[in-house]
Amino acid sequence: VDCLGLLAGGRGEDALWRLAQRSTPLVEAAACRLLARSADPESAVRLFGIALGKPYLVRVLLAGELRHHAPTLCEKTIPAEVAGADERRIVAALELAGSWHNALHLPDWPVLMTHPSPAVRAAALRVTPLNLDVQDVEPYVLEALQSDNIHLREAGLTAVCQLRIGSTLPLLAHVASGESGELARLACQALSRLEPEGIECLRTILLEGPPRAAARAAETLAERLRPSLSLEFA
Amino acid sequence: MTLQDIDIFVHRIYFFFESGIILYVFVINSIYLFLTILAFLSIRRHHTPFSLAEREAIMKSPLTPAISLIVPAYNEAMTVKESVGCMLKLDYPNYEVIVVNDGSKDATLQILIESFQLYKSARAPVGTLETKPIRRIYESSQPIRLVVVDKVNGGKADAINVGLNLATAPLVMVVDSDSIIDRAGLMQMAKPYLEDPDRVIAVGGTVRAVNDCSVARGRVTRIRTSRSILANFQSVEYLRAFYGGRIGFSLLNSMLIISGAFGLFKREAVLEVGGFEHSTVGEDMELIVRLHHHFCDLKQPYRVVYVADPVCWTEVPQTLKILHRQRKRWQRGTVESLSRHWVMMLNPRYGLVGMFAFPYFFLFEMLGPAVELLGYFLTVIGVLFRIIAPEVAILFFSVSIMFGILLSTSAVLLEEFTTLRYPSWRHSLSLFGTAILENLGFRQLLTWWRVQGLVEGLKGKRGGWGVMERRGFQTAPK
């Protein structure tokens with residue numbers, strides 16, 4: 001594959017396009033990477049389309065190269081892709097978009113949030129802070145935070161961390177003081193962004209909450225106020 | 001009944017047992033051979049390491065999943081600085097190292113605090129696995145996140161569970177604190193997960209002996225065979241176990257063990273089954289059997305995979321006393337792991353694991369040493385009492401030893417064909433010599449020790465951390 005990349009003209013490129021679409025994951029990824037390096041916006045769009053249908057490893061190997069084309073892809077290609085019917089492709093497209101931290105245009109975001117698949121809803125929630133067209137996020141986030149699906153709740157908390165929605169405070173306080181694990185840690189982080197009420201809430205959990213919740217609140221407060229609180233020479 | 005009738009009866013009984021044992025030896029060696037052939041066929045296709053360009057792409061990729069490296073440590077003052085230093089220099093873009101000091105009695109904690117400029121941290125556990133209390137958590141201000149947990153002694157499984165509670169990454173890797181991982185080891189271990197993130201729940205790598213290899217700046221810089229014949233025997237044995245057995249079992253998705261010294265797991269899956277089990281000495285094997293048990297029960301598709309390329313270098317015992325203890329512990333671990341999940345035995349609900357791997361481990365790994373020993377005993381008695389001809393006995397011993405030599409040399413050959421770690425033919429030749437020699441006494445000694453372990457396991461003997469006499473890594477000359 002590397003040698004094909006050195007061939008000038010169309011022959012090498014044609015062979016690379018063929019390999020990019022039908023081979024083993026590593027060969028596909030190598031061909032895609034070589035094509036992405038010298039890709040014009042049109043080829044980048046085509047490569048992005050190919051990558052969405054490939055195994056996760058191919059997307060991991062390509063994410064860095066395609067990042068250079070993120071503005072183009074986020075503006076037109078991804079909105080068109082998420083309007084499709086293939087659930088796996090939608091999730092993969094949103095996952096790539098989220099990893100680039102590039103501004104997105106998703107006018108169909110409310111449609112994604114009512115998608116029957118929780119995986120699509122969670123992926124859409126995760127990219128909410130990047131979406132320039134988003135409006136009326138609150139009801140969807142509140143619904144996600146109260147969902148039975150752990151991945152949706154996690155995505156909701158991740159979104160709240162960035163969006164700082166004041167009305168979620170009682171729910172966040174409940175999750176932070178009552179539950180255990182990753183969700184509680186995320187809730188603490190979201191609370192720490194909601195100054196001053198969130199910080200006050202964390203202080204209350206620290207003083208009055210159950211031991212595990214108090215420890216998490218202390219950790220979050222220490223991270224927020226670092227280095228004065230958290231670091232002390234051993 | 002005449003004396004002659006009794007004699008015929010004894011002969012018949014004797015031949016019945018002896019034939020059974022010969023059949024057993026034939027079956028076990030045929031399975032080994034089958035697994036080795038599978039390994040030969042698959043190693044080039046399924047065990048290709050990442051190229052330099054791919055490694056660079058993964059390093060740059062924002063999609064690369066985070067990994068928490070959990071390093072349980074108990075009385076590791078001799079090697080901990082070098083091995084943790086190595087773990088902080090791995091080629092992976094997104095990882096943290098969590099060292100769990102399980103109430104060491106030596107200076108392990110102090111060395112870590114001083115060597116890595118640790119600070120007291122406010123970090124709190126995320127997971128809810130029940131463990132012994134944590135005394136204090138420390139963190140390093142170095143670019144790669146190093147977390148050191150000081151806790152009350154509770155055993156290796158307990159220490160790993162503390163690490164699991166603190167880990168926040170979707171993948172966790174468990175590595176012994178006396179080990180050195182290849183620079184690209186973390187990336188190679190993550191490869192099966194990246195290829196199939198929905199199904200892969202555990203990945204095992206290769207463990208090899210580091211004795212007498214040169215180590216500099218946290219890397220194994222010169223690989224060579226050891227000056228100790230005991231260490232070399234174990235080198236060959238490890239090659240046989242990893243290249244011969246595990247590749248084949250991995251292909252059949254029925255691997256029942258991932259070495260506790262070097263394994264990568266999906267954190268969610270391990271937490272789902274309740275973490276590592278405290279009450280067994282074979283916590284690594286028990287976890288894998290439990291994962292199979294759990295996911296088969298749920299009828300969820302999953303994979304437990306072995307990859308040959310990433311190597312974890314570890315110091316192997318150089319005294320018979322320590323090796324004896326280690327092997328007894330391993331055998332006890334096998335007994336405990338199998339007996340806890342006995343319901344899987346020959347149960348079609350558990351697929352190939354229940355119908356092939358479990359019976360194989362029970363018949364050949366657990367009972368194997370006892371049957372082998374019984375075979376030797378019956379053959380010697382048979383010759384002494386003239387029940388069997390000396391030629392037959394010699395043939396039996398020769399075939400058994402030749403099979404062993406064939407398997408050991410095949411494993412060395414596999415190493416030569418694929419990873420080729422040894423720098424010159426002299427080392428490879430020495431390894432081939434060892435592969436022959438280890439079948440003439442060493443293997444039989446291990447069999448005897450494993451029988452002792454089997455008896456202890458059946459009696460239900462408990463145990464904690466294994467004791468290991470450390471020599472420290474051999475520093476490369478400047």
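The side chains of Glu139(B) and Arg145(B) meet in a salt bridge, at 2.7 Å from N to O. A salt bridge here is a side-chain nitrogen of Lys or Arg within 4 Å of a carboxyl oxygen of Asp or Glu. Glu139(B) counts as buried at 5% relative accessibility, while Arg145(B) counts as partly exposed at 31%. Buried means under 20% relative accessible area, exposed over 50%, and partly exposed in between (1.4 Å probe, protein chains only).

This is a predicted model, where local features need pLDDT of at least 70, side-chain atom pairs count only at pLDDT 80 or more, and totals for chains, interfaces and linings use all residues. Residues are numbered from 1 along each chain as its sequence is written, chains are lettered from A and ligands numbered from 1 in the order in which they are written, and side-chain values use heavy atoms, leaving out hydrogens and water.

- Over all chains, the structure holds 26 salt bridges.
- Asp176(B) pairs with Lys156(B) in a salt bridge, with the closest N and O atoms 2.9 Å apart.
- Both Asp176(B) and Lys156(B) are buried.
- Another salt bridge joins the side chains of Asp196(B) and Arg303(B) at 3.2 Å, N to O.
- Asp196(B) is buried, with a relative accessible area of 14%, whereas Arg303(B) is partly exposed at 27%.
- Salt bridges also link Arg55(B), Asp91(B) and Arg183(B) in a network.

- Ser147(A) is buried, with a relative accessible area of 17%.
- Asp40(A) is partly exposed, with a relative accessible area of 39%.
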